[in-house]
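Hi there,

Here is the structure I promised to pass on to you. Please have a look at it first, and then read my notes below.

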Amino acid sequence: MWSHEYTGETTATPQAVWAVLKDIDGWARWDTSMESVSLLGAFEVGGKVSMTPTGQEPIVSVITDIQDGVRYADETEFEGVVLRFSHTLSPRGEGGTRVVHRLEISGPQADGVGPELGPAITEDFPQAMAALLAHAAAHTPGAGADGVAVGATDGGTR
């Protein structure tokens, strides 16, 4: 398995961050790695999401977890690997929100593919996090666009 986490913090409320994440059809407005993103059906576990990464063909992911206001996760099967993406929100003690964006690559080909594919996918996590937090801050009265990335953890092959 290969994994990577990127964490950001903002003064925006968890509700504001969740509103941006839940608006899947609006992701391409802030996630610059996507030409388009569309929810195919209902926003529920088992629902599907079509994503077109910039310069690539569309892929379809399946929503695997929704914990309202706390966690969104989806997965995509791709050439012998499973890509599991998640965003987990937690309130900060001093106010605002901590967001962890995680990618796990598993499956029969993960040890061979993960170390190359993983960094290629996650290289834009800092920019995507900053844009997500800026959009959320814009929906929080009194919050500035202060999305401050506080670190990344590469799990590598395990």
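What follows is a short tour of what was found.

First, some ground rules. This is a predicted model, in which local features need pLDDT of at least 70 and side-chain atom pairs count only at pLDDT 80 or more, while totals for chains, interfaces and linings use all residues. Residues are numbered from 1 along each chain as its sequence is written, and side-chain values use heavy atoms, with hydrogens and water left out.

How confident is the prediction? The pLDDT (the predictor's confidence in each residue, from 0 to 100) averages 89 over the protein chain, and 88% of the residues score at least 70. Over residues 154-158, though, the pLDDT is below 50. Beyond near neighbours in sequence, that stretch has 15 contacts in the model (a contact means heavy atoms within 4.5 Å). Where pLDDT is low, the predicted coordinates should not be read in detail.

Now the overall fold. The chain has three helices and eight strands, taken from DSSP runs and numbered from the N terminus (helices are H or I, at least four residues; strands are E, at least two). From the N terminus on, their order is β-α-β-β-β-β-β-β-α-α-β. Of the 158 residues, 43% count as buried. Here buried means under 20% relative accessible area, exposed means over 50%, and partly exposed lies in between, with a 1.4 Å probe and protein chains only. Among contacts with a separation of 6 or more, 52% join residues 24 or more positions apart. A130 is found in helix α3 and is partly exposed, at 36% relative accessibility.

Which residues of helix α1 are buried? In this helix, residues 14-22, they are P14, A16, V17, W18, V20 and L21. Their cover includes β1 (2-10), β4, β5, β6, β7 (97-106) and α3.

Next, the largest pocket, which holds about 610 Å³ of space. A pocket is found on a 1 Å grid over the protein atoms alone: it is an open set of points where a 1.4 Å probe fits, with protein on both sides within 12 Å along at least five of seven lines, and lining residues have an atom within 4 Å of a point. Grid points are joined across faces, edges and corners, and the volume is the space filled by probe spheres set on the points. The lining has 27 residues, and M34, P53, I59, F85 and I121 lie nearest the centre. β5 gives the largest share, four residues. By type, the lining divides into 15 nonpolar, seven polar and five charged residues (nonpolar: Ala, Val, Leu, Ile, Met, Phe, Trp, Tyr, Cys and Pro; charged: Asp, Glu, Lys and Arg; polar: the others, Gly among them).

Finally, how many salt bridges are there in the whole structure? The search finds eight, each being a side-chain nitrogen of Lys or Arg within 4 Å of a carboxyl oxygen of Asp or Glu. In one of them, R29 pairs with D23 at 2.8 Å between the closest N and O atoms; R29 is exposed, at 59%, and D23 is partly exposed, at 33%. E104 and R102 also meet at 2.8 Å, N to O, with E104 partly exposed at 22% and R102 buried at 18%. E94 and R92 meet at 3.1 Å, and a network of salt bridges links E9, R92, E94 and R98.

Enjoy exploring!
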